[in-house]
Structure formats: C-alpha cells, structure tokens
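Please read this briefing alongside the sequence and the model.

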Amino acid sequence: MADKVAVLIPCYNEAVTIGKVVDDFKRVLPDADIYVYDNNSKDGTADIACEHGAIVKFEGRQGKGNVVRSMFRDIDADYYLMVDGDDTYPAEAAPALLEPLRADRADMTVGDRLSNGSYGEENDRAFHGFGNDLVRWLIKKIYGFAFDDVMTGYRAFNRVFVKTMPVLSEGFQIETEISIHAVDKRWRIEDVPIDYRDRPEGSYSKLSTFGDGAKVLKAITSLFKDYRPLAFFGWLALILLVLAVVAGIPVVAEYAATGLVPRIPTMLGSLALAGCGALSFVTGLILDTVAKSHRRQWEIDVYKAMNGFYRE
C-alpha cells in the first residue's frame, strides 16, 4: 500500500495566498491529504481553502504552536509535511523533503532557505536573518548541532516523530522547540536546500521581529534549563562563584594586611554569592538525574510507539 502523506498548513489571515498553496500541493502531491487549520482568520481563509479542496479544521487558541499541537494530535499519517500558508515555500520541493524519510535516512527534514542564498535575496527584513543566525549559533553552542536553517516553516516528519513530540509552545517559537527537541532526543535530521520567495503583494507577515524574537530566546533558555539542567545551573553556579571571589578578594586582602574585617556587608555578600553558587550546582545535579530519568522513559515510550505503528 502507498504511504499516507498529510500536508499540514497552519493559517491565520492568508486569504491572498491559501488558494494557490492548496492547488500547488494538490498538483505536486496528488495522493496526499491537504489539511488547512484556520486560527481565527477574519478574511475568509477557511472558505477559500475549502473551495480549493483542502480539509479545513479550526483551532480557536491563538498561536502557531497551538495549531501545530492540534495537528500533531488529530491527524494520522505515515509522513507529515508542514508548510506555511503564505506561498513563500515551493510545493515542488515537497518530494525532496519526503524522500529522506521514505528512505529511512531521517526522522525530520528541514527546508533550508539559506544555503542557496534565496532567503537573503528575497527577504527584506534584515533582523529576521540576524535572528535566524543567532538562534542557529545558540543551538550549535548548547547542543553541538549546526542547523543550516532553524527558523524555516517548511519541514517534514515521520509518524513516530510527530506522535512522540511534546508541543509546549503557543506561538511562533514552535520551530525552535521542534528543532531543539529533535537534537536533544537524537532524531536523525537532514537539511534539504529549497528556494524561497517573498510574500506576494497584499500578503503580510504576522511576525513581530522583536516581540517574537524575545519569545524565541526565552524558549531556548527554558528548553536549555529543562533538557540540560546540569549545564544550565553549572554555568550559573560558576558566574555566582566568580562574583563571590571578586567581592571577597578585597576583604581577604585587607584582613591579611591588618587583621581586621571592616567591610562586613561585602563579606556577607560574598558568602551569600558563594552559597547561592553551591546551591545552584547542587540543583543542577538533582535536576540532571530527573532529566535522565525522563529521557529513559521517553525512549521507552518511543519504542512502544514504533512497535505499535509497525504492527498496523
């Protein structure tokens, strides 16, 4: 039997482009199910998608993360292709994104807009490129994996990845969450270069460069704390201990020279910083044990999911 492919299109006010996006994917993937999840659009996006033959569903909780959570929970398929409804990603790249999954070389493929330079040529929002580079750099430094394009909205997944992915984000930080989850859980990842085109006239981005950028950085920090607590609290402990030493050196030097400790507040502050540093390190050790326990349980859950899927 042919593999079942589901095309997932989260949408919020994409009336200008959604009809073409649905038509393009129906043409390139004629056997796939095209799902459009409308997220409280006010411009008739859902009606247009329905007229073009998409399966339309609704998510009332605002935010792309909420939409993706519902998609992953609701839809059963062998392979999932997730793409934005703004017509910036070519449907013609879909087979290339699905091929590594079908060949069992990857669990997630990522549509890379950056390697061939198309994103830099088409996108006129300089800070978006800077934000993408910053997030890529942080993930590489923290997790040791270098994505070619971490903020892209064009990805494909196999079934086990989707059904064991805990979506916690509510908004546009979902791409970062999926990327970090894939790296932390050692899923096989493959970047697939794609062409990118800017939004057509009349279509506009819902991203807030600085507001959503701050949410992405907050998500990276939170996931770093949750997935790598020993490293997170270890670095915090080191910073606190360095501050304690810097504050304490003058006190110790003065005591060595005079036998007196006139800077009592400074001494107490230094001791407090040292104590907080030690507490932070111990906290990291405890939470690291908890995180490893959760990882072991997650691995067992993945084995169960894989065995269940293969029996079907």
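Helices (H or I, at least four residues) and strands (E, at least two) are DSSP runs, numbered from the N terminus. This is a predicted model, in which local features need pLDDT of at least 70 and side-chain atom pairs count only at pLDDT 80 or more, while totals for chains, interfaces and linings use all residues. Residues are numbered from 1 along each chain as its sequence is written, and side-chain values use heavy atoms, with hydrogens and water left out.

**Overall make-up**

- The protein contains 11 helices and 7 strands, and buried residues account for 46% of its 312 residues, where buried means under 20% relative accessible area, exposed over 50% and partly exposed in between (1.4 Å probe, protein chains only).
- Its accessible surface comes to about 15,600 Å², of which carbon and sulfur atoms hold 60%; the areas come from the Shrake-Rupley method with a 1.4 Å probe, and for residues only the protein chains shown count as cover.
- Of the contacts between residues at least 6 apart in sequence, 76% join residues at least 24 apart, a contact being heavy atoms within 4.5 Å.

**Strands β1, β2 and β3**

- Strand β1 (residues 5-11) pairs with β2 in the parallel sense over 6 bridges, and β2 (residues 33-38) runs parallel to β3 (residues 55-58), to which 4 bridges join it; two strands pair if DSSP finds at least two bridges between them.
- Asp-38 is the bridge partner in β2 of Cys-11, and Asp-38 also stands opposite Phe-58 in β3.
- β1, helix α1 (residues 18-28) and β2 form a right-handed β-α-β unit, and β2, helix α2 (residues 45-51) and β3 form a right-handed unit as well; a crossover is right-handed if, with the strands pointing away from the viewer, the path from the first strand over the helix to the second runs clockwise.
- Strand β2 is mostly covered, with 5 of its 6 residues buried.
- In α1 the buried residues are Ile-18, Gly-19, Val-21, Val-22, Asp-24, Phe-25 and Val-28, and their cover includes β1, β2, α2, β4 (79-82) and α4 (94-102).

- Asn-13 lies in the loop between β1 and α1, where Asn-13 counts as buried because its relative accessibility is 12%.
- Most residues other than glycine have a negative phi, yet the phi of Asn-13 is positive, near 55 degrees, and that of Asn-40 is positive too, at about 70 degrees.
- Asn-40 is found in the loop between β2 and α2 and is partly exposed, because its relative accessible area is 27%.
- Asn-39 also has its place in the loop between β2 and α2, but Asn-39 counts as buried, because its relative accessibility is 4%.
- The side chain of Asn-39 makes a polar contact with the side chain of Gln-62 (3.2 Å), and a polar atom of the Asn-39 side chain lies 2.9 Å from the backbone nitrogen of Gly-63; a polar contact is a pair of N or O atoms within 3.5 Å, and within protein one must be able to donate a hydrogen and the other to accept it, with residues adjacent in sequence counting only if both atoms are side-chain atoms.
- Not counting residues up to four places away in sequence, the residues that Asn-39 touches include Cys-11, Tyr-12, Glu-59, Lys-64 and Val-67.

**Nonpolar cores**

- The largest nonpolar core has 40 residues, and those with the most contacts inside it are Leu-8, Phe-72, Met-108, Phe-157 and Ile-178; such a core is a set of buried Ala, Val, Leu, Ile, Met, Phe, Trp, Tyr and Cys residues joined through side-chain atoms within 4.5 Å.
- Apart from that core lies another, of 31 residues, among them Val-28, Ala-91, Ala-94 and Leu-101.
- Leaving aside neighbours within four places in sequence, Ile-178 is in contact with Phe-72, Met-82, Met-108, Arg-155, Phe-157, Phe-161 and Met-165.

- Asn-132 lies in helix α6 (residues 126-143) and is buried, with a relative accessible area of 2%.
- Beyond its neighbours within four places in sequence, Asn-132 is in contact with Arg-113, Leu-114, Asp-149, Val-150 and Met-151.
- Lys-218 has its place in helix α9 (residues 209-227) and is exposed, with a relative accessible area of 64%.
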